[in-house]
Amino acid sequence: MPVTLERIPGKEERVILSMGPQHPSTHGVLRLVLDLEGETVVRALYDIGYLHTGFEKSFEDKTYSQGITLTDRMDYLAPLSNNLGHCLAAEKLLDLEIPPRAQWIRVLLTELTRIQSHLVWLGTHAIDLGAMSVFLYCFREREDVLHIFEAVSGQRMMTSYFRIGGLALEPPLGWLKHVEKFVKIFPGRLAEYEDLLTKNPIWLHRTQGVGYISAEDAIAYGLSGPSLRGSGPDWDLRKKQPYSSYEKFDFKVATRPEGDVYARYLVRLEEMRQSLRIVEQAMAGLPEGPAKANAPHIVMPERESMKTSIEALIYHFKIVTEGFHPPVGEVYQAIESPRGELGFYMVSDGSPKPFRCHVRAPSFANLQALPKLIEGRLIADVVACIGTIDIVLGEVDR
Amino acid sequence: MTADPQNSLAWQKLQAYFPDAIENVTSFRDEVTLYIRPALLRHTWEFLRDEPGLEFRFLADVTALDLYPQEPRFEVVYHLLSLENGQRLRLKVRLPGENPAVPSAVPVWPSAIAFEREVFDLFGITFEGHPFLKRILLPDNWEGHPLRKDYPTEGYR
């Protein structure tokens, strides 16, 4: 029996409505159970698990390197952020030093991921509220970013490009030209979206004052990322607990005090601008040097060296057939994904496979605030509230 | 190098106020783990949340480990975060393999609702006093708890 709400005796005129899991505005397979009095939502309940694939169990059956491919498929709108979280956790276990060039390319690509993910959010959020053209514009620009990913990693979405110890391989010659082109056109495109929405009276009516949550409630319910910053706190892990040399970049943390759907919209737009600034800085100051750490027992050797060096061949054989042995211990590594705090809790028992790899998925935590946002509001606001917390069901259900 | 866990402020303060609460303390890669006795869990949580200088008001995560066939078999793991001073802390509670149960953290941190439901679903650990303890990812009629180590990866066939 799927989850449902019990009727309250004496309130027989209320309607219990099941919304989803195939509803187009639920961004995947989210099911909501709403208790309606007229058009007002009195109680709400969410039902998830339709995409549960048991990733955490699968991690335990794969080597640390093989696990990277699973992370792409969790938050499929931000695969590189997930790759980064997994790699950083494993590197923390191994106490591995990553060369600056790899760190900077990681920053550059994860910021492009943030822009790309926010574009999908903006497009779908706008179409949920009836603004069709924004959706088409956003997907136009998203395609440019996906082309960059394809140039660099060979894949548009399931990139698996970051590896434990650095990058899978040095990006191809001329890849920065694609990035430069995107950086040049994107500020104009952002202005285009803003022209369509920011002062649009229909947009304002649908978003201002809707889905309010206070800073205290947001913290208590475990909100993170833009959903938290839309209520005031300037908590951003890139600033507060920097990883992958984010401390060397100059950017502002976007916050708004209002705590409604409109505030979170403004925060995400500003984040795209700040991400663009980081991308520009990363391009301008990209260090030379290797893209992989000097750790032959962990990092795959170059194809060329395997033909001339017996050690390289042995290491290759060892890594492929067995993997590597991190020391016994446990780490929690959190990064600021486009949706919030993405944490990887990795426990090693000294074997080549993680004893446990748990993912603290930001979507899963952010979803908890949804009933709080919609209770007492009109049913038409429900889609605005689902859009504003920006969930990806692949990550919610894992 | 790994720092001495006894330098952590949380450990020092807890040691001063609830010396009985801490069973053990470990540190790996500068991350401090406190093992708390289940009986004093609720007091410890409230202390860590409200004490000035600690203020762990953000419960980032709740999960569990299955150490099968060791006994005590389960460890419930809490990841706390303080937005005020940017500190993280890991709490652990050891539980027996037979009817594992632990008090729910929902009265202290409401965000525990979904996290604890997930642990209940995948590990079969009961959270006493939880307002809505039902399976969250798997169907209600699912048999077993997949993240236990004695549950085969490919499932029962």
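Against which elements of chain A do the buried residues of H16(A) pack? In this predicted model, helix H16 spans residues 380–388 of chain A and is mostly covered, with eight of its nine residues buried. The buried residues are A:Asp381, A:Val382, A:Val383, A:Ala384, A:Cys385, A:Ile386, A:Gly387 and A:Thr388. They pack against strand E3 (40–47), H4, helix H7 (201–207), helix H11 (261–284) and helix H15 (370–374) of chain A. Just after H16(A), A:Asp390 adopts a positive phi of about 55°.

Helix H4 of chain A, one of the elements packed against H16(A), covers residues 100–128 and also approaches helix H3 (residues 79–94) of chain A. The axes of H3(A) and H4(A) come within 8 Å and cross at roughly 140°. Since angles over 145 degrees are needed for a roughly antiparallel pair, H3(A) is therefore oblique to H4(A). On the H3(A) side the meeting residues are A:Leu80, A:Ser81 and A:Leu84, and on the H4(A) side they are A:Arg106, A:Leu109, A:Thr110 and A:Thr113. By class, this contact comprises three nonpolar, three polar and one charged residues.

The largest nonpolar core of the model has 153 residues. Those with the most contacts inside this core are A:Met346, A:Leu370, B:Val76, B:Leu80, B:Val119 and B:Ile125. H4(A) gives the most to the core, with 13 residues. In soluble globular proteins, nonpolar side chains tend to be buried together. For B:Leu80, neighbours within four places in sequence being left aside, the contacts are B:Leu48, B:Phe56, B:Leu59, B:Ala60, B:Arg88, B:Leu89 and B:Leu91.

A:Pro354 is located in the loop between strand E7 (340–348) and strand E8 (356–360) of chain A. With 27 other C-beta atoms within 10 Å, A:Pro354 is buried.

Chain B contains three helices and seven strands, arranged along the sequence in the pattern α-β-β-α-β-β-β-β-α-β. Its radius of gyration is 16 Å, close to the 15 Å given by the globule rule for 157 residues, so chain B is as compact as a globular protein of that length. The C-alpha trace of chain B spans about 50 × 35 × 25 Å along its principal axes. Of the 157 residues of chain B, 39% count as buried. Among contacts in chain B between residues at least 6 apart in sequence, 49% join residues at least 24 apart.

Between the two chains, 27 residues of chain B are in contact with 33 residues of chain A. Two or more residues on the side of chain B that touches chain A come from each of strand E3 (58–66), strand E5 (88–95) and helix H3 (112–123) of chain B. The most is given by E3(B), with six residues. By class, this side of chain B has 15 nonpolar, five polar and seven charged residues.

Some backbone features remain to be described. Most residues other than glycine have a negative phi, and most peptide bonds are trans. In chain B, a cis peptide bond joins B:Tyr68 and B:Pro69, with omega about 5°. The peptide bond from B:Glu71 to B:Pro72 is also cis, with omega near 0°. B:Pro69 is found in the loop between E3 and strand E4 (74–81) of chain B, and B:Pro72 is placed in the loop between E3 and E4 of chain B.

In chain A, A:Ser160 has a positive phi near 45° and is found in the loop between helix H5 (132–153) and strand E4 (162–163). A:Ser160 counts as buried, with 22 C-beta neighbours inside 10 Å. A:Ser244 has a positive phi near 50° and is found in the loop between helix H10 (237–240) and H11 of chain A. With 21 C-beta neighbours inside 10 Å, A:Ser244 likewise counts as buried.

How values were computed: Residues numbered from 1 in each chain as written. Chains lettered and ligands numbered in written order. Predicted model: local features only at pLDDT ≥ 70, side-chain atom pairs only at ≥ 80, totals over all residues. Axes fitted to C-alpha atoms, helices over the stretch in contact; angles between N-to-C directions. Helix = DSSP H or I, 4+ residues; strand = E, 2+ residues; numbered from the N terminus. Parallel < 35°, antiparallel > 145°, perpendicular 65-115°, else oblique. Contact = placed C-beta atoms within 7 Å. Nonpolar A, V, L, I, M, F, W, Y, C, P; charged D, E, K, R; others polar. Rg over C-alpha atoms; globule rule 2.2 N^0.38 Å. Buried ≥ 20, exposed ≤ 12 C-beta atoms within 10 Å, placed from the backbone. Core = buried A, V, L, I, M, F, W, Y, C linked by C-beta atoms within 7 Å.
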